[in-house]
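Have a look at the model first, then read on.

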Amino acid sequence: MINSHAVIHWLIQIAAPFCGTVSFALIFGVPRKYYILCGITGTVGWLIYTLTSQGGVPATEATFLASAAVVFLSRIFAVNVKCPVTVFLISGIIPLVPGSSVYWAAYYLVTNETGRAVESGFAAIRLAVAIVLGIVIILELPNRWFHLCGRSKSS
């Protein structure tokens, strides 16, 4: 039997990053025709992060895997709809940004809990580096790997 609380939990896990990603796409001036693809990109990244971290993978590695997936999907969409990869990448990476770690680092710093501030700040830096590595590694792959329809360039 399906647990209704679990269904609601996963619907929120899908809807929240989708809406957040589309909202940032709107803020960043992404053309309207790409909103759905942006939302899919952010949602896939968040689901990969959630599933891997719930599966016991540490947050840094889960963030790396999720950011690599976001970049990979962004490149697939960009190549196939012929637009810049940043259209999907910038808004799609938003759900993975370690905002809470930065917030808590600042909070602990203000409340004079230096040890906890350093711990939260270092966690935010580790997550940011994981995101950057995921982006750099996937952006270095050849563009021809991202064509969905198997089109070949005529020379």
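A helix here is a DSSP run of H or I with at least four residues, and helices are numbered from the N terminus. By that count, Val118 sits in helix α6. Keep in mind that this is a predicted model.

So, is Val118 buried or exposed? With 54% relative accessibility, Val118 counts as exposed, because the cut-off for that label is over 50%. Ile131 lies 13 residues away from Val118 in sequence, and their C-alpha atoms are 20 Å apart in space.

Now for α5, which covers residues 99-110. Its twelve residues span 17 Å from the first C-alpha to the last, close to the expected 16 Å. Ser101, Ala105 and Tyr108 are the buried residues of α5. Looking down the axis of α5, you'd find these buried residues within an arc of 70°, so they line one face of the helix. Part of what covers them is α6, residues 114-139. Just past the end of α5, Asn112 has a positive phi of about 65°.

Helix α6 also packs against α3, which runs over residues 59-81. Here is that pairing in brief:

| Feature of α3 with α6 | Value |
|---|---|
| Angle | about 35° |
| Distance between axes | 8 Å |
| Handedness of crossing | right-handed |

Which residues meet there? From α3, they include Phe64, Val71, Phe72 and Arg75, and from α6, Arg126, Ile131, Gly134 and Ile138 are among them. Sorted by class, the contact has 13 nonpolar, four polar and two charged residues.

Note on methods: Residues are numbered from 1 along each chain as its sequence is written. This is a predicted model: local features need pLDDT of at least 70, side-chain atom pairs count only at pLDDT 80 or more; totals for chains, interfaces and linings use all residues. Side-chain values use heavy atoms; hydrogens and water are left out. Helices (H or I, at least four residues) and strands (E, at least two) are DSSP runs, numbered from the N terminus. The expected span of a helix is 1.5 Å times one less than its number of residues. Buried means under 20% relative accessible area, exposed over 50%, partly exposed in between (1.4 Å probe, protein chains only). The arc is that of the directions from the helix axis to the C-beta atoms. Contact means heavy atoms within 4.5 Å. Axes are lines fitted to C-alpha atoms, for helices over the stretch in contact, and angles run from 0 to 180 degrees between N-to-C directions. A crossing is left-handed if the near helix is turned anticlockwise from the far one by less than a right angle, and right-handed if clockwise. Ala, Val, Leu, Ile, Met, Phe, Trp, Tyr, Cys and Pro count as nonpolar, Asp, Glu, Lys and Arg as charged, and the others, Gly among them, as polar.
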